[in-house]
Structure formats: structure tokens, C-alpha cells
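Here is a short report on one protein model. Look at the structure first, then read on.

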Amino acid sequence: MPSSQISGKAYHNATKHTYFSVQIDPNYVDASTQPSSFKVYPKFYRRVKLNLNNSVHAFISLTSAITLEKVYKDGPYKLRVNPSAGALYPTEVYVQVRGIEGIVDGIYHLEVENNCLTLIYELIDDGLESYIIPGKSINGFIFLISCVYYRSSWKYQNRSIRYCFLDSGHHLGAIAASAYLHNRDIQLIFDFDKLTLISDLGFENKEFITACAVSGEIQDKKIRRLRLKVPFVSGTDYFESNPFIEDAYQATTLEKSRQQKLEYPQFDFDRDKFYQTVWDRRSIRRFRKEAISQEDYLYVVQQLQQPIPTENYEEIEIYSVVHRVEGMTPGLYRGTHLVKTGNFSEKTGYLCINQAIARDGAVTLFFVSDYLNYQNAMQIAGFLGQRLYLTSNYLGIQCSGIGAYYDDETQELLETNKDVLYGMVIGI
């Protein structure tokens, strides 16, 4: 059967973890073989060094900035504003700039390691709009998210299709956070002609486009497709193809998604404190089994319920397994509704592949969906995950994403037939 006729649900089911699958294939890798995690164009390309004293530059830089460098025996790890499964960072960002003073109209690659924009295509009467919002022109920015999937599949094999989509959603969340701090609205767009754009950007099968974020003035003006193909540059130093991931990407790109009216969230974070939160965000690896306040927990839930600024939508339902929240009965909640009481901390620890963080945190959350478009649903789950990270860290509460869990057994605990897309833990 052609991949386009196979649903995202089938690919999701094919990547499920069970207790036995994890025991049979613990998936050890040789760290010395890790592919490069930064894409760099040749040195003769024109570059714009991002100056953080320039508000436009600061807006772009904060969408992907390196915030901490750790050195281990196998080399340095450069951590960024967006979390990533295994700190593998498969996502890349391209920015189309049009009508911005001081920057040539063009498509740029955001070179994260060196904090600069690399001009890969200069615009005339063409641009990304014709693929994304035909008949319109955007004075401002189009952020294009792509995944260099081998960075993730090198370690996680077929299941990395999940992590690529979740990472893309987290990166969109990082863009949204930078937009908030720089007083800019953004709109997320998931449904557009990705396959044609991949071809015209010269990505071959090495890199796939997942979503974009638009920020600026939208005008009625016809923009034509890119007049030239962009030369190919690989995002890794070596590459091994994974047909499962490539087929899953193509099939889920062609799925239709639900639609909703565009609505923007309204946050009231203190901007200076929120900026520091973005900069300091980390994934916690150990909790002290301490309780958080009910007020803080309900504030977190409230922020998760804020609108997501997109017309292409898949509903994400959030289940919370409350372990340690002052004034709340331990048990399983759907939203703020108590489904069943009980101490499920040991159970969630087991379900999350025996990870202590899922047992020792204050709340373990699971994002589930009965989606039409799997790719979009996973990205929205990741986007909400980034919002959860930043909201909880803003309150002084730690957070960690969990992409590995026993899928079917987790559904049983939640008493749902919907697919479990993501797990997360908050606590102290």
C-alpha cells in the first residue's frame, strides 16, 4: 500500500513501546558516531551577525539561542531555548525577511552555533508565500521549521518520527515566546505545500519541513514561487536513510486537519522575568518529592488552556496524574475534573519506562488526541509542552518532557482510547 494511503495512526501504532519491546531492544548507541547537530552553509555565503541590541535581531536570535554549554567526556553539548529529545536537536530554522529595514529581502538560514543569519536566497518578486498563503505577501517574517531527521533516528530509530514532530512543536513554542517578549503576534501554519517547497529548497530526503510561523503585515499581493532552486547543503556530516520515517512524514503531510477560527492567547507574564525564564529553562532530571501549591498548579492549567494561534488545529486533551499538590486529592484528573482517586506515583514511574522523574514529581501529565492529522497533533502537543515548560519555570517549578512510555498501558491508566502523544512532569 502506498504510504499516502497509510494513516498517521498506523505509524504511531508502529512505534509503540511495550515492556517487552524495551527489554528486547534497549537501543544503546555509540556516542562517538553521533552526527553533527548544526547545519552550516559554506563560508562564501553572505551572513548577518545578529546584534542583540537590535530588536529585530534579538527577536530572531531568541527563537533558537544557545543558552548553556555542558562538556562531557564525549564532547560539548550546547543546550538551547527549546528542549529536544536526547539533546539531539533535529530542527532547523529558516527565516524569510521582507520589508525590514537594514536586512536584504531574502530567505536566511538561522545559524544557531554562530548566532547569525546566512542568506541562502535573495528575493525579487518571489518567495515562500506562494507555497504557504497563496495570493498574499508578508511584510515581516516567515519562520520555517525543518527537521534533519537523521540526528534523531541515529539514536531513536523509527520512534524518532514522534520526536521530530514534538521537537518542531517545541521550536514553534520558542518562536512564540520570543514574539511575546518582542511585542509581536505570530500565526502558526501547518497545512501548506510542504512537498513542493522541500523540492525547491533542495532538501532532497535529508530534511523535511514541518510548520511555519508568520509574523508581520499580510497584504493581498501575488507572489510567485522561487524562481531558482536552492543549492543542497546537508544538515549532518553523514546520513543514513530511514524509509519508515520518510514514508511516515509524507503520509502525515498529506492528511487533512481540523480547522478553527484564528484566536490569539493573552498572557500577563512580567516580561523581564519571562525573558530570564526563557534563558534559564532546563529539563530537570531529579525531583525532591515535594508538593507544589494548588494556586500554582491551577495557574499552569489556565495557561495551557489559552488559545493556540493557528487555523489548522487538532484538539489535545490533557490528563494530569496528581501526586503532590497541596489541597488536591491525589488521583487522575482530566483538566480539573477528578476521574479517579489514588496514589499512582509508582504506576506512572513504571509506565514512563521506569523513569524516577515520573514517580517523584508533583504532577505527571499526558497529552492525548483523537486527531485527523498526526503530524499537526504531535506538533501542537510539543507547542503546549513548551508553554508548560515556560509557565512552570516562571513560577519556580521544574519541568521535564517524557517521550518514552508504554503506550497501551498508559491508555489503560487514563481510561481513554485516544492516542497518547506526549508525557510531561512538573514538580520541585
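## Salt bridges across the chain

Lys289 and Asp360 form a salt bridge through their side chains, with 3.8 Å from N to O. Lys289 sits in the loop between H9 and helix H10 (294-304), and Asp360 sits in helix H12 (residues 356-360), so the pair ties together parts that are 71 residues apart in sequence. Lys289 is partly exposed, at 45% relative accessible area. Asp360 is buried, at 8%. Keep in mind that this is a predicted model.

How many salt bridges does a search of the whole structure find? The count is 22. Side chains of opposite charge can pair when their charged atoms come close. One of the bridges joins Lys136 to Asp220, and their closest N and O atoms are 2.3 Å apart. Lys136 belongs to strand S7 (residues 136-147) and Asp220 to strand S9 (residues 208-220), so this pair ties together parts that are 84 residues apart in sequence. Lys136 is partly exposed, at 31% relative accessibility. Asp220 is exposed, with a relative accessible area of 66%.

## A buried partner and a network

Glu314 and Arg258 also meet in a salt bridge, at 2.8 Å from N to O. Glu314 lies in the loop between strand S11 (312-313) and strand S12 (317-322), while Arg258 lies in strand S10 (residues 258-259), so the pair ties together parts that are 56 residues apart in sequence. Is Glu314 buried or exposed? Glu314 is buried, with a relative accessible area of 0%. Arg258 is partly exposed, at 34% relative accessibility.

Salt bridges can also link up. Arg159, Arg162 and Asp407 are connected in a network of them.

## Helix H9 and its buried side

Helix H9 covers residues 271-280. Phe274, Thr277 and Val278 are buried in this helix. They span an arc of only 100 degrees around the axis, which puts them on the same side of H9. An α-helix has 3.6 residues a turn, so residues three or four places apart point the same way.

What covers the buried residues of H9? The cover includes helix H6 (160-181) and helix H13 (374-394).

## Strand S6 and its partners

Strand S6 runs over residues 116-122. Six of its seven residues are buried, so S6 is largely enclosed by the rest of the structure. S6 pairs with strand S1 (residues 47-49) through three bridges, and the two run antiparallel. Here Arg47 has Thr118 as its bridge partner in S6.

Strand S5 (residues 106-111) is joined to S6 by six bridges, again antiparallel. His109 stands opposite Thr118. S5 and S6 make a hairpin, with four residues between them. In that turn, Asn115 has a positive phi of about 50 degrees.

Ser61 is part of helix H3 (residues 55-61). Ser61 is buried, at 7% relative accessible area.

Phe344 lies in the loop between strand S14 (337-341) and helix H11 (345-351). Phe344 is buried as well, at 16% relative accessible area. Which residues does Phe344 contact, leaving aside neighbours within four places in sequence? They are Val321, His323, Gly331, Leu332 and Leu413. Phe344 and Leu413 are 69 residues apart along the chain, and their C-alpha atoms are separated by 9.1 Å.

## Cysteines without disulfides

How many disulfides does the structure hold? It holds zero. Cys164 is in no disulfide, and its nearest cysteine sulfur, that of Cys147, is 4.4 Å away. A disulfide needs the two sulfur atoms within 2.5 Å, so a pair must meet that limit to count.

Cys164 is buried, at 0% relative accessibility. Cys116 is buried too, at 4%.

How values were computed: Residues numbered from 1 in each chain as written. Predicted model: local features only at pLDDT ≥ 70, side-chain atom pairs only at ≥ 80, totals over all residues. Heavy atoms only, no water. Buried < 20%, exposed > 50% of the residue type's maximum accessible area, 1.4 Å probe, protein only. Arc of directions from axis to C-beta. Contact = heavy atoms within 4.5 Å. Pairing = 2+ DSSP bridges. Salt bridge = Lys/Arg side-chain N within 4 Å of Asp/Glu carboxyl O.
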